[in-house]
Amino acid sequence: MSAPTVFLVDDDAAVRDGVSMLLETDGLAVEAYESAERFLASFDKVRAGCLVLDVAMPGVTGPQLQDELRRRGSTLPIIFLTALGESAATVHALKGSAHDFLAKPADGGQLLERVREAIARDLAQREQAEPLHGDRR
Amino acid sequence: MMVDDAALARFVDASPNAMLVAARDGGIVMCNAAAGALFGRTPAELSASKVEDLMAPADRAAHRASRASYGTAPAPRAMGAGRLVRGLRNDGSEFVAEIGLAPVAPDRVLATVVDVSQSTREGERLREREELLQLFVDHAPAALAMFDREMRYIAVSRRWLDDYRLGSRNIVGRSHYEVFPELPERLRAVHRRCLAGAVERQDEAPFERADGTTQWLRWEALPWHTAAGDIGGILIFSEDITDRKLAQLERERLHAAVEQSEERFRATFEQAAVGIAHIAVDGAWLRVNRRLAGMTGREPDDLLVHPPAEIIFAEDAEHEAVQRARMVAGEIDHYGLPLRFVRANGDLRWVMLTMSLLRHADGRPGYFIAVVEDIDERRRAEHATRELRAEMDRLLAVNVASQTAMAVAHELNQPLNAVSSYAEAALRLLRAGNPKPDRLEHALESAAAQAQRAGRVVRELLRFLKKGVVEASVLDLNAIVRDSLAIVEGGGFGGCRTHLDLAPELRPVWANRAQVEKVLANLVRNGVESMHEAGVQPQRITISVTTAPDGDMALVTVADAGPGMDAATAARAFEPFFTTKPAGIGMGLAISRALIEANGGRLWIDENAKPRGATFRFSLPFAALDV
């Protein structure tokens, strides 16, 4: 198993660049995608890490990507980034989900903290599900 | 016949009739006893006389002349064919004598003399009676005619000729059926029955004349009898009652028409779906219908004792009175007013009153005609609708404010999020001893740029809120489309192919660059989302730039390959908060349209663009040439 990766999906180029830089500065491996479609095209569920996901995007939206990943059997933890422009219903659904949720503009320190928690959670659940792979980490 | 005197004398003597034989000069040469008796003279006296001596003096001259002419061409003249003369007796009395003549020898004329005084008097009396009868018939104020058994006219009154428009034709002796070929069989049957003894009459009978007119007649027909008691023919009395009958028919027609119109009026009045009333000039009800009474919660009879002034709600009465006065003054010929009726139970009811004024022929006001419609429910519904609309407007205003705030938050939070990330990264780089100066520089530069971006969002918003104050400049629309698409593509439209169809020769437009970019981004985003929703592959968007057909504007078309919009969706597409997208808030198209219109252009859906997909078009004005 490769090192855990932070997958970043956001249609805003500046957000991608800024968040990527922040995560990389903290020593994390980051892969940024401009759309859910691009992300799905290269998605491999054996890769560990977490997904930092913008909610409102043209094309496949954040929640739709979440559904698709669930359908594919992925348990990759997701940290949703909302720009507060989402409808109340969407926000409500997100809050009720098992995933994390941060409002833009997200505090950098807080984001890093959540990302590290999510990665740890992912690694822990992969350990549980596939203990044989545990020593390969 | 020529005889000798002896034979002639014997014949004359033997005749029981008075006979004389005269010579050419009028001298009497023979006579018999009967002649002597007739003239009251002896035979000797007679023989000494001339025939003129036996006549009344007045007839003598004429007789001499006729005797002279007779002498030149003597011929027998039978009794009854000759002229009557007045005979003169010896005592001076006269009698009417008829004379038969026979030339019996040269210069000898045998005259037979008969006293016809008696029969002449009867004849004259008969003639007189006939003349009187004719006079009576002629001048009878009735039309009457006398027919023989063959229905030939025996006598006819002038009035008959006049009534049947026969003019002055002499119809005596002609057949009734020849005079009136149009006479119907039923009347011919009447004639036959009367000839058989019946008496018939009819007080009113139409008679269709040959000229197409109809005469109305009152007639009576009866047989007349000869002295012997036989039926000699019939008499018909008739009276032309055409004028009277036509007048009666007209009266009946008018009466029926009046009755019908009264009936119609009554029905209209009573069964009208609206309230109707006649109101006297002094303001009293003259007539009200049930519907009107119902609007006041009363029976018609009850309403009549409560004049309009009591029924019309006091607050509305003054205005109504003003209008009524204007109408009486002739300023207006009718008026319509919504006003309230006070019902029997004190409730108010909204009605629409339409008043007109019926005037007499001389222009004086006659009475008012009020038509009243119950608009209470409508009025209440309108009121409820108004309240509901106000409530909705209020909710909508709140919603618009919150939606706008959210949209603004989204636009601001994107760059702020980037700034926050860059700043946090820079901070960490510094804390780590700035191992990568170029990274630090990039982080700080980017943070500054994103702060500027946030500032632009705010400025743009303020401009938009100021409405109509658009900072415009001369722009190359081709470049804007190209740049916008680059921005959009950088913004994550994975898998969507775009095709640009630019117009390099296009004149520059006059518009706000950021706003046009925003609209382009919105439209492209819309297209991508709809194609994605519908699972369309491959996703393709075509953007073309042209000059509008009328040449005044530049035209940009954004067409996708998605499912397009049905008419209902297209009709509502530009409404605020209308969306078919699960994640959308429905402001994109509404804002886009507002932005394009703020730039003097139009944004619309081209529903005719086929074969598939949604096609949006927007226009922008060209920059003036001297700019």
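Which residues does T557(B) touch, not counting residues up to four places away in sequence? The residues touched are T542(B), I543(B), S544(B), T615(B), F616(B) and R617(B), where contact means heavy atoms within 4.5 Å.

The model is predicted: local features need pLDDT of at least 70 and side-chain atom pairs count only at pLDDT 80 or more, whereas totals for chains, interfaces and linings use all residues. Residues are numbered from 1 along each chain as its sequence is written, chains are lettered from A and ligands numbered from 1 in the order in which they are written, and side-chain values use heavy atoms, with hydrogens and water left out.

**Two residues of chain B**

T557(B) belongs to strand β20 (residues 553-560) of chain B. Helices (H or I, at least four residues) and strands (E, at least two) are DSSP runs, numbered from the N terminus. The side chain of T557(B) forms a polar contact with the side chain of R617(B) at 2.6 Å. A polar contact is a pair of N or O atoms within 3.5 Å; within protein, one must be able to donate a hydrogen and the other to accept it, and residues adjacent in sequence count only if both atoms are side-chain atoms.

R188(B) lies in helix α8 (residues 185-195) of chain B. Leaving aside neighbours within four places in sequence, R188(B) contacts Y177(B), F180(B), P181(B) and L183(B). R188(B) and H176(B) are 12 residues apart in sequence, with a C-alpha to C-alpha separation of 9.8 Å.

| Residue | Relative accessibility | Class |
|---|---|---|
| T557(B) | 7% | T557(B): buried |
| R188(B) | 21% | R188(B): partly exposed |

Buried means under 20% relative accessible area, exposed over 50%, and partly exposed in between (1.4 Å probe, protein chains only).

**Chain A**

Chain A has five helices and five strands, in the order β-α-β-α-β-α-β-α-β-α from the N terminus. Of its 137 residues, 55% count as buried.

The five strands of chain A form an open sheet with parallel pairing, in the order β2-β1-β3-β4-β5. Its edge strands are β2 (29-33) and β5 (100-103) of chain A, each pairing on one side only. Two strands pair if DSSP finds at least two bridges between them. Five bridges join β1 (residues 5-9) and β3 (residues 49-54) of chain A in the parallel sense, and L53(A) in β3(A) is the bridge partner of V9(A).

Helix α5 (residues 108-129) of chain A lies across β1, β3, β4 (78-82) and β5 of chain A, at about 135 degrees to β3(A). Axes are lines fitted to C-alpha atoms, for helices over the stretch in contact, and angles run from 0 to 180 degrees between N-to-C directions.
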